[in-house]
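Hello,

Here is the structure for your files. My notes follow below it.

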Amino acid sequence: MDRHQTEPNEVLIELLARTALGERKAFAKLYKLAAPRLLGILLRYVRQRSLAEELLQDCFIEIWNHAPDYLPARGAPMAWMGRIARNRAIDALRQSPVELSSDALELPEQAAAASEEPVNLLASRDQTKTLADCLRHLPAAQRQSVVLSYFYGQSHNQIAAVLGSPLGSVKSWITRAIVHLRECVGV
Amino acid sequence: MNYLIPERYQPLAARYVSGVLRGAARSRFEKLASVHATLQHEIDVCEELLAPLDAATVPIKPRRRNWRWIEIRLGFRPKHRSHPVFWFLSGTVAAFLMSGAIVTFSPQLLPQPELPTPVAVLNDSNGAVGMVVSRDAARRTLAVTLLQPVDLPAGKVLELWALRRDGTPRSLGLLQGKAPRVSVTRPLSDAVQLAVSIEPEGGSPEDKPTGPVVYTGSLILS
């Protein structure tokens, strides 16, 4: 499967609208199109296939029940479904936190290095190039804090441990990073 | 504490969207955002900002059983199935019995079409029920049942509108014939009310009703 393949917003908006009207066929198609990306997000956070798939089921039950709440004016459908997935994953991580360095990445240094990875992947996509460029212009600590939290679901404490920095600094880096990114991207 | 000043809600929204706001603080912020549009807007902006990071996620195809479980959990399919051998052995007996039953009760045994679900009851200006609007998921339409005759002047038609929370109308189509239907081509999730107006033939020349609004009702999408 192409890593960068995404469905046009219009297709997903229509499928969500039909799902809101109770159309099971539309819901099945929505699942087929969106589930692989949501499972990718969930696995990024919880790192256990069985738990990620259980959460994926929860996500789609929530999507079926709350499809009428989706408003296209408030954002892209994948952003809305991605929020559902992240919230589910964050709830699951509260119950059993996953250490980033406990899986494929054995050392804290590797975990810190991993926070650069998505930036490199983004560089090849036109529509996300702006964000990638803006991320590159952030100070390293801010960039790593945002990527470790948003992309890998790491907590304040985990990021502080990985980067070897005080908790207060991590909180401040994340806030400042978002402010800078908003100014840079222009939203 | 007043969270509605940017110095307070912007860092919270940043930490919420990036995922580091957790536990009770996260729940509290979600509750606040659900009642304060400013906070919700801030969350939406931050999510749109960071969402492209998800493009760097490698899609993973879920195993087939996940969809089956979703269907079961939503009640779309039964949880338990009898063993295939049971069906094979009982098939002959069942077929024999059914052949007799079909002759007697055939209308009841035919697959029943999915019934349209009412989504709005429209009243006239006196509060009297005038129309029921139902969704027909199978045909992707809204079906309108007229409960009382409408006296339309010559050259006039009825037009169905969806009204958003801010009152902006969107035409859903003209109501023609005894059992009118309109196609659902765009999401209704942003609509809170339906309304019917009297318009010139061909429909309103503008993006809003130009004639009198004769029926209104709240939209219930469940």
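A salt bridge here is a side-chain nitrogen of Lys or Arg within 4 Å of a carboxyl oxygen of Asp or Glu. By that rule B:Arg164 pairs with B:Asp166, with 3.8 Å between the closest N and O atoms. B:Arg164 is partly exposed at a relative accessible area of 36%, and B:Asp166 counts as exposed at 54%; buried means under 20% relative accessible area, exposed over 50%, and partly exposed in between (1.4 Å probe, protein chains only).

On conventions: this is a predicted model, in which local features need pLDDT of at least 70, side-chain atom pairs count only at pLDDT 80 or more, and totals for chains, interfaces and linings use all residues. Residues are numbered from 1 along each chain as its sequence is written, chains are lettered from A and ligands numbered from 1 in the order in which they are written, and side-chain values use heavy atoms, with hydrogens and water left out.

The interface comes next. In chain B, 53 residues are in contact (heavy atoms within 4.5 Å) with 72 residues of chain A. The buried area between the two chains is about 6,000 Å², 64% of it from carbon and sulfur atoms; this is the accessible area (1.4 Å probe) that two parts lose on being put together, summed over both. B:Arg22, B:Leu49 and B:Leu53 supply 12% of what chain B buries against chain A, more than any other three residues.

Over all chains there are 14 salt bridges, and eight are counted between chain B and chain A. One of these links B:Asp44 to A:Arg83, with the closest N and O atoms 3.0 Å apart. On the side of chain B that touches chain A, α3(B) gives the most, with 10 residues; helices are DSSP runs of H or I, at least four residues, and strands are runs of E, at least two, numbered from the N terminus.

Two further pairs cross between the chains:

- A:Arg44 and B:Asp54 have their closest N and O atoms 3.2 Å apart. A:Arg44 is in helix α2 (residues 24-46) of chain A and B:Asp54 in the loop between α3 and α4 of chain B, so the pair joins two chains. Both residues are buried.
- A:Asp58 and B:Arg73 come to 2.7 Å between the closest N and O atoms. The pair runs from helix α3 (residues 49-66) of chain A to helix α4 of chain B. A:Asp58 is buried, at 16% relative accessible area, while B:Arg73 is partly exposed at 41%.

Regards
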